[in-house]
Amino acid sequence: MSTVPSEGRSLRTVLRAVVALALLLGWTAVSGSAAHAGREAAVEVRGGDTLYSTGTRCTVGFNARSGSTTYALLSGRCAQGARTWYADPALTVPVGVTAGVSFPGNDYASIRYTNTAVVYPGEVSLGTGARDITGAANPVVGQPICHVGRTTGYRCGTVQAVNLTVNYGDGIVYGLFRSTICSEPGDAGGPAFSGGTALGIIVGSTGTCASGGFTYYQPVTEWLSAYGLTVY
């Protein structure tokens, strides 16, 4: 599991606010009676879509690759303990296996796609249409940002702060960033981007969309660097 060097932590702001991390995961037990996803050849998995494992489901942040091998980025907290992943809640269309999980310290997991009959576009779903992701970068304060949550859908705002430390309660995570966009339960893992540039995935929030709130993200560049991957 990746760890964050202690040098420089004193420069980061430790946030003690109650962060709705557990709620944001928003997963429930998966019913085995769900309908088949259809023929595997027709299945596509892109950023913003959901992958399923026994007893859990997680949102794909972004797809990436190393050579001819493709991977998905998930929340590390969500993916803990899961091994095999499927494209459907009935667990009939396998797509890959967990390649690595980093939590706490970071909050990301890497899923290696193994089913070549499934298509893995380098895009994120916007609900209506898709956004092609062609690069990744570190967020900058004041930068425009949009994200897609499973519950709240497509929303936009600006990057508010970077290099933040958050105490999840079951672990401390370093190097997060925050936006002015709200999130709700079930949004965790959703992709955050600026134009066609990947910035991060949703990992937590404060407040609600009704009352006003902020969202915290795991930067995507840490995940890409850790596993030697590039978005496409």
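Predicted model: local features only at pLDDT ≥ 70, side-chain atom pairs only at ≥ 80, totals over all residues.
**Entry 1. A charge and a ring**

Which residue lies over the face of Phe214? I looked this up and found Arg178, at 5.9 Å from the ring centre. I applied the rule that a charge sits over a ring if NZ of Lys or CZ of Arg is within 6 Å of the ring centre and within 35 degrees of the ring normal.

Residues are numbered from 1 along each chain as its sequence is written, and side-chain values use heavy atoms, with hydrogens and water left out.

**Entry 2. The chain as a whole**

I found three helices and 18 strands in the chain. These are DSSP runs numbered from the N terminus: helices are H or I with at least four residues, strands are E with at least two. Of the 232 residues, 52% are buried. I took buried as under 20% relative accessible area, exposed as over 50%, and partly exposed as in between, with a 1.4 Å probe and protein chains only. Among contacts with a separation of 6 or more, 64% are between residues 24 or more positions apart; contact means heavy atoms within 4.5 Å.

**Entry 3. Asn63**

I asked what the side chain of Asn63 reaches. It reaches the backbone oxygen of Val45 at 2.8 Å and the backbone oxygen of Pro121 at 3.0 Å. For such polar contacts I used a pair of N or O atoms within 3.5 Å; within protein, one must be able to donate a hydrogen and the other to accept it, and residues adjacent in sequence count only if both atoms are side-chain atoms. Asn63 is in strand S4, residues 63-66, and is buried because its relative accessible area is 3%. Leaving aside neighbours within four places in sequence, I listed the contacts of Asn63, among them Arg46, Gly47, Tyr71, Tyr113 and Val231.

**Entry 4. The nonpolar cores**

I recorded a largest nonpolar core of 27 residues, in which Phe62 and Trp223 have the most contacts. Several elements each supply at least two residues of this core, including strand S5 (69-74), strand S13 (153-167), strand S16 (197-208) and helix H3 (220-227). A second, separate core has 19 residues, including Cys58, Cys78, Ala87 and Val93. A nonpolar core is here a set of buried Ala, Val, Leu, Ile, Met, Phe, Trp, Tyr and Cys residues joined through side-chain atoms within 4.5 Å. In soluble globular proteins, nonpolar side chains tend to be buried together.

**Entry 5. Helix H3**

I looked up which residues of H3 are buried and found Val220, Trp223 and Leu224. Seen down the helix axis, these buried residues fall within an arc of 95 degrees, so they line one face of H3; the arc is that of the directions from the helix axis to the C-beta atoms. An α-helix has 3.6 residues a turn, so residues three or four places apart point the same way. After H3 comes Gly228, with a positive phi near 65 degrees.

**Entry 6. Aromatic pairs**

How many aromatic pairs does the structure hold? I found five. Rings of Phe, Tyr and Trp (its six-membered ring) pair if their centres lie within 6.5 Å; planes under 30 degrees apart count as stacked, over 60 as edge-to-face and the rest as tilted.

Tyr108 and Tyr227 form an edge-to-face pair, because their ring planes stand at 80 degrees, with the centres 6.2 Å apart. Tyr108 is in strand S8 (residues 108-113) and Tyr227 in helix H3, so that the pair links parts of the chain 119 residues apart. Tyr108 is buried at 2% relative accessibility, whereas Tyr227 is partly exposed at 28%.

Tyr154 and Phe193 are stacked, at 6.4 Å centre to centre and 10 degrees between the planes. Tyr154 lies in strand S13 and Phe193 in strand S15 (residues 191-194), so this pair ties together parts 39 residues apart in sequence. Phe193 is buried, at 1% relative accessible area, and Tyr154 is partly exposed, at 35%.

**Entry 7. Backbone exceptions**

Most residues other than glycine have a negative phi, and most peptide bonds are trans. I noted a cis peptide bond joining Phe103 and Pro104, with omega about -5 degrees; Pro104 lies in the loop between strand S7 (94-102) and S8. Leu91, not a glycine, has a positive phi of about 60 degrees and lies in the loop between strand S6 (84-86) and S7. Asn163, in strand S13, has a positive phi near 60 degrees and is partly exposed, with a relative accessible area of 35%.
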